[in-house]
Amino acid sequence: MALDKIWVFCEAGNDGVATITLEMLAKAREVAGTVEVFCGGDGAACAAELGDHGVTAVYATGDLDGRMKGVSVASAVAAAISDGSVAAPDAFLLGTTYDGRDVAARLSVKLDVGVLSNVVDLRLDGDRLVGVEPVFGGTLNVTSRFTGGGPDIWLVRPKSFEPAAVGGSPAEVVDLPVPDLGTTGGAVVRDRFTEESEGPKLDEAAIVVSGGRGLGAAEAYSMIEGLAKQLGAAPGASRAIVDAGWVPYSYQVGQTGKVVKPTVYIACGISGATQHLVGMKGSKNIIAINKDSEAPIFAVADLGIVGDVHKVLPKLTEALEGR
């Protein structure tokens, strides 16, 4: 028995709808008869792409004039449900992103309903959803459900579902007016900084090469970047070397960083702490290079190389250059 309707929080940028949104839409189609989205900004810009992924309507606030997205979107949705201009969905799905968490928290307060976070799967049990959440660093999964009247709010971890287009007409764009925000609307975004990068995005790359403390020094990270360039891969890192200041936080793979699911993941000098494994163990093929044969990373590796990264990586890079 499918749910009647699910609303998915849509995030989009200059290159289209965010991957996390498309992932959630795939799951939403499995468990609900009607899938709609809500967003802050111009819904018309992504109506065609969303329609191709089974969305029938986009509830959009329009230009927010620099106002914080979480404040505006949550207030607009709550107001629309409160005044009866839209019917509340059975559930909201939002990505575990900065904006997704902000909207979910504010929506929870305004609608007086709970939030279940870090969900990696959703399934139907009668007329309600049941969520699967990893706990204890991903070593155990628990199932949870809401017992209140709803609508349920679920925060979904990236890379939990596979996006898939199904074809369809552009989604209908419906205005979602933002009410008077009072003092909470006083904060505005004056400027944005986009970090320059080359090559594929870390969380979307088909190949990821990550380095850890086993590299020994920040200068040695150049070996990771060199190998990544040869493979057309994205460079990543463990939390240890991010905390040490060797590379920016945007490189971090793990529970508190990016969740990646590439075709090939190469872990170089990474011991395999649970925090890191949570972010990459869904990779299709894992190659681990570590001089400690007892390193936990070998337990999840499809191919393990027991050796010093300072000897293995230059040889590997040299072999690739010669091809």
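Biologist: In which order do the 5 strands of the open sheet run?

Modeller: This is a predicted model, in which local features need pLDDT of at least 70, side-chain atom pairs count only at pLDDT 80 or more, and totals for chains, interfaces and linings use all residues. Residues are numbered from 1 along each chain as its sequence is written, and side-chain values use heavy atoms, with hydrogens and water left out. Strands are DSSP runs of E with at least two residues, and helices are runs of H or I with at least four, numbered from the N terminus; two strands pair if DSSP finds at least two bridges between them. With parallel pairing, the order of the open sheet is E14-E13-E15-E16-E17.

Biologist: Which residue in E15 stands opposite Val209?

Modeller: Strand E13 (residues 207-211) pairs with strand E15 (residues 264-268) in the parallel sense, over 5 bridges. Within E15, the residue opposite Val209 is Ile266.

Biologist: What angle does the direction of helix H5 make with that of E13?

Modeller: Helix H5 (residues 221-231) packs on the sheet and touches E13, E14 and E15, where contact means heavy atoms within 4.5 Å. Axes are lines fitted to C-alpha atoms, for helices over the stretch in contact, and angles run from 0 to 180 degrees between N-to-C directions. The angle with E13 is about 170°.

Biologist: Is Gln275 buried or exposed?

Modeller: Gln275 has its place in helix H7 (residues 274-280), and its contacts include Arg239, Gln252 and Thr256. Because its relative accessible area is 16%, and buried means under 20%, exposed over 50% and partly exposed in between, with a 1.4 Å probe and protein chains only, Gln275 is buried.

Note on methods:
Lists of a residue's contacts leave out its neighbours within four places in sequence.
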